[in-house]
Each structure stands twice: as C-alpha cells, then as structure tokens.
Amino acid sequence: MTLLITVIAALVTSVIWYTSSHARKMQVGTLALFYWGASLMWTADAIFEYAEDGAEFFMPAGVDMLNDAFLGLSAVALGLIIWLIILLVKDPDHVVREALLGRVTGKA
C-alpha cells in the first residue's frame, strides 16, 4: 500500500511539473523526486519481502494494509512539509520577502 500511494503521488506531481511552467518555478520537480525516491525504496522493499515470504506477500492482513496506508500517507505528508520548507526558503515569487519587508517598513 505504501508503494501504491507513493507511486500515485509521484505520477501526479510529475504530470503537474511537466504540464505547468509555474509548477516548475515552484520547485514541484523536487517534490516529484522525493516521491519517486520513496517509490524506489518501497519497490526494493517489496522485492525483498516477496523473496522472503513468497506468495503470502500478496495476502496481507487488513491491519497490515491499514498500517501501510498510514505509512504511505505519512510519507506523502512529510514530503509536502519538506517541499513547503524549501519553497519558503527559496521564495521564488518573493512573497515571503515582500511580507517581511512590508512589516518592517510599516506597510500592510
């Protein structure tokens, strides 16, 4: 389930990055790379788990699927948080800088 969630997130962000020039300016490619890296990691994990468990790998318990879904959603959320921090630091549209300078100079 983690693999499925991160692959979907990677595909969605990649399509957004590819189709929008504004998305490229907003560092969406970095977010897509986070999700592709997580997908690659969980692909390797699935391969090794399948080698260890065999056919039982395809019959997980409901609790295990729920835990995997929460882990996948947590990974997507963590990627978004890191991307937002990067976006705030780089400030491509100078929104943060203008807001800070407006407060310093007394403009609102």
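Helices are DSSP runs of H or I with at least four residues, strands are runs of E with at least two, and both are numbered from the N terminus. The model is predicted: local features need pLDDT of at least 70, side-chain atom pairs count only at pLDDT 80 or more, and totals for chains, interfaces and linings use all residues. Residues are numbered from 1 along each chain as its sequence is written, and side-chain values use heavy atoms, without hydrogens and water.

**View 1. The chain as a whole.** The chain has 5 helices and 0 strands, in the order α-α-α-α-α from the N terminus. Its radius of gyration (over C-alpha atoms) is 19 Å, well over the 13 Å that the globule rule (2.2 Å times the number of residues to the power 0.38) gives for 108 residues, so the chain is more spread out than a compact globule. The C-alpha trace spans about 65 × 30 × 15 Å along its principal axes. Of the 108 residues, 24% are buried, that is, under 20% relative accessible area with a 1.4 Å probe, counting protein chains only.

View 2. Helix 1, residues 2-19, gives the most to the patch, with 4 residues. Leu4 is found in helix 1.

**View 3. Arg24 and Trp17.** Arg24 lies over the face of Trp17, 5.9 Å from the ring centre. For such a contact, NZ of Lys or CZ of Arg is within 6 Å of the ring centre and within 35 degrees of the ring normal.

Key
Buried means under 20% relative accessible area, exposed over 50%, partly exposed in between (1.4 Å probe, protein chains only).
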